[in-house]
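Please keep the sequence and the structure in view while reading.

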Amino acid sequence: MRLESAQINAQIDQVSSGSMQATASANANIALVKYWGKADESLIIPNASSLSLTVDGLSTTTQVTFHTDTSSRDLKSIHTSEECSDASATSPDTLIIDGERHQGKALHRVSSFLDRIRELSGIHAPASVISHNTVPYAAGLASSASAFAALAAAASRAAGLNLDDRYLSRLARCGSGSASRSIYAGLAVWQAGHDDATSYAEPIASLLESNGESVAAGRSAHDFGMQLAMIVILISDKKKAVSSRVAMRRSVETSPLYGSWIQSCTDDLQQAITAVSRGDVEMLGVVTERNSYGMHATMMTAQPPVLYWQPETVEALHAVEDVRASGLGAWSTMDAGPNVKVLTSAQDAVHVCEALRECMPQRDIHIHMAGEGVRILDQHLDI
């Protein structure tokens, strides 16, 4: 990742001993027009641009400490003595998520991300990462989006880097594509781009402004985004058997529907942007639901098929249709997992939630309003 002087201002304190620490919190985002499939696996450049809603209540808070008084060699020997797996034995870093120490692939992924920070900042020090979540891990509830957005913000700040939002979005993208959107509050568009510099997210309000598009009288694009809500119907909080990365690659490589779906995403995104400019929740909801079904169709027609849906998933999708038929604005969307999300307006959220609970009294159903973007916190996390 190249350094552009207009986008990054390094403020590195030369510390001979001690540590450099920062804490950040980020919310998950739910894609309304999906990103599914990469044009570049290493840089995580998507095949299509996407639109998402950042939501509250599904968040990750992460503390990163660079131990400038500890050599990489010393900490590596500690890992090796604890009989870590091969992947973690080569890492000088430590990772604790929700009180549990992680090694292997999880640690390797985080350490690789931290290496980017070390390269940008010129710091050569091992790091410890402590992360607390209110979103289930790898259950199709966008945990990687909040996780890497928080990690990008905390690690860059701990390393003394002042990154603007666009650069931070690019950095978060290198950990998880959807994390690029969690940098921002409310509605954000991830521009697919064609390389590292051109693939980033931005608030939809900024996009509309730069495009010279008008917004419905009396309502800004930002205000419209913050007047939306997402209801989560929890079907399962267990880790899914097929990871998003595997399912995504399989869909791209083997689904006969994938090419057509990617083409339709361009039209879906444009219609969604038009809906936002008009403040039209129904129009946005129709596009959101259609795009979600299309993405899952590519998974189901992959070889071998990827089917995240459970019987309760189908029940929830029918419940959303029933609620909408009753006159309430409610539109379903799903990511790579069995859980169903429901787009609605903030004004209707309580009524929609109550109606869904009547349809499925045994299910765990919660409202998540539009949420804040990533933020630096003045606090210390305990394990």
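The sections below cover the basis of the model, the chain, a strand and a helix.

## Basis of the model

The model is predicted, with local features requiring pLDDT of at least 70 and side-chain atom pairs counting only at pLDDT 80 or more, while totals for chains, interfaces and linings use all residues. Residues are numbered from 1 along each chain as its sequence is written, and side-chain values use heavy atoms, with hydrogens and water left out.

## The chain as a whole

The protein chain has twelve helices and 16 strands, where helices (H or I, at least four residues) and strands (E, at least two) are DSSP runs numbered from the N terminus. Of its 383 residues, 55% count as buried; buried means under 20% relative accessible area, exposed over 50%, and partly exposed in between, with a 1.4 Å probe and protein chains only.

The accessible surface of the protein chain comes to about 16,100 Å², and 49% of this belongs to carbon and sulfur atoms, with areas taken from the Shrake-Rupley method with a 1.4 Å probe and, for residues, only the protein chains shown counting as cover. Among contacts (heavy atoms within 4.5 Å) between residues at least 6 apart in sequence, 76% join residues at least 24 apart.

Strand β12, residues 228-234, is mostly covered, with seven of its seven residues buried. Leu228, Met230, Val232 and Leu234 point one way from β12, while Ala229, Ile231 and Ile233 point the other way, and all are buried.

β12 pairs in the antiparallel sense with strand β14 (residues 340-345) over six bridges, and Thr344 in β14 is the bridge partner of Ala229. With strand β15 (residues 364-369), β12 also pairs in the antiparallel sense over six bridges, and there the bridge partner of Val232 is His366. Two strands are said to pair if DSSP finds at least two bridges between them.

## Helix α11

Helix α11 (residues 311-325) has 15 residues and reaches 21 Å from its first C-alpha to its last, close to the 21 Å expected at 1.5 Å a residue, the expected span being 1.5 Å times one less than the number of residues. In α11, Thr313, Ala316, Leu317, Ala319, Val320 and Val323 are buried. They lie on the same side of α11 because they cover an arc of only 155° around the axis, the arc being that of the directions from the helix axis to the C-beta atoms.

The face of α11 turned away from its buried side carries the exposed residues Pro311 and Ala325. What covers the buried residues of α11 includes β12, α10 (281-300), β13 (331-333), β14 and α12 (349-359). Just after α11, Gly327 takes a positive phi of about 115°.
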